[in-house]
Amino acid sequence: MSTKIRNSRKYKVNVIKIVIIGIYNVGKTTLLMRYINRDENEENNYPTTIGVEFERKRLLYKETRYDLEIFDTAGLERFQPATMSYVKRNDFIIFVFDNTEKSLEYILNNYKNELNSSKQETVFVLTKFDLLNSREEKDSLIKNIQKKLKDNLHEIPKLYVIDNTPKSINIINTIFMNITKNHHKSIELNNKSKENEEIETIKLSIENFKKNGISSVEEEKCCLF
Ligand SMILES: Nc1nc2c(ncn2[C@@H]2O[C@H](COP(=O)(O)OP(=O)(O)OP(=O)(O)O)[C@@H](O)[C@H]2O)c(=O)[nH]1
Ligand SMILES: [Mg+2]
């Protein structure tokens, strides 16, 4: 028991807020449950989401503990205003769509401005790839999607493709792992820019010392700080 407490104190905890968005029935809840429960059962059906559901996953990455707080939104149109409000409150957005045209159009029509103006990180996930029969069909769908993304968005987002095979569990894990890595990187960058700011302040104070005729001993003290 005491060991557990010591261990948990050893790590810094960071919260990453993620929201999953897409039209109804594209597989948002299935994706999340596959991640949370490592649920490989393709027969599992979840009731349609009403409002917003919440799940938490704890990860350890580079000695930093991350709490992933994941919001699974309802795709039904009547919940759309509530869903919109979640977009701004989260660090990452996972947009989910399936092999139907309307499911990608739903995202582009409703979130295009957000996608083109926001600094939030986003990824796109195409589900139900297993329902396409031939290689040609699959290739043409991917081409079509890439064209639509290119035509509508300033920056082409990362696109993951999943289906009902057990392999998709690994892809889903990668999606969340990459989100965590990106977040970690942005924290590191942020810390570095803070360090640079401190260096700048030290430089300025050296100049101040010089201006006021303070001796080089003081200057050394200043630099050791
Ligand atoms: N074949 C296939 N079916 C899938 C896949 N992903 C999800 N499904 C099925 O799609 C249906 C809808 O999945 P959900 O996860 O409930 O969809 P949702 O986006 O959460 O739907 P709402 O909560 O209504 O917005 C279920 O029957 C799933 O089993 C997939 O990759 N392949
Ligand atoms: Mg759902």
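This is a predicted model: local features need pLDDT of at least 70, side-chain atom pairs count only at pLDDT 80 or more; totals for chains, interfaces and linings use all residues.

Colleague: Can we zoom in on one member? What is I18 in contact with, leaving aside its neighbours within four places in sequence?

Modeller: The list for I18 runs L68, E69, I70, N90, D91, F92, I94 and I179.

Colleague: Now let me step back. How many helices and strands are there in the chain?

Modeller: Seven helices and six strands. Read from the N terminus, their order is α-β-α-β-β-α-β-α-β-α-β-α-α.

Colleague: What share of the contacts with a separation of 6 or more is between residues 24 or more positions apart?

Modeller: That share is 71% in this chain. As for burial, 21% of the chain's 225 residues are buried.

Colleague: On to the ligand. Which residues are the closest to ligand 1?

Modeller: Begin with the shell, then pick out its closest members. Ligand 1 is surrounded by 22 residues, and the closest are G27, T29, T30, T49 and G75.

Colleague: How do the residues of that shell divide into nonpolar, polar and charged?

Modeller: Eleven are polar, seven nonpolar and four charged.

Colleague: Last topic, the backbone. Which residue has a positive phi of about 50° although it is not a glycine?

Modeller: That's K62. When you meet such a residue, check where it sits and how exposed it is. K62 lies in the loop between β2 (52–61) and β3.

Colleague: Why does K62 count as exposed?

Modeller: Because K62 has 9 other C-beta atoms within 10 Å, and a residue counts as exposed at 12 or fewer.

Colleague: Where does K128 lie?

Modeller: K128 is in the loop between β5 and α5 (135–152). K128 isn't a glycine either, and its phi is positive, near 60°.

Colleague: And why is K128 called partly exposed?

Modeller: Count the neighbours again: K128 has 19 C-beta neighbours inside 10 Å, so it counts as partly exposed. A residue needs 20 or more to be buried.

Conventions: Residues are numbered from 1 along each chain as its sequence is written. Chains are lettered from A and ligands numbered from 1 in the order in which they are written. Two residues are in contact if their C-beta atoms, placed from the backbone, lie within 7 Å. A residue is near a molecule or strand if its C-beta atom, placed from the backbone, lies within 6 Å of it. Ala, Val, Leu, Ile, Met, Phe, Trp, Tyr, Cys and Pro count as nonpolar, Asp, Glu, Lys and Arg as charged, and the others, Gly among them, as polar. Helices (H or I, at least four residues) and strands (E, at least two) are DSSP runs, numbered from the N terminus.
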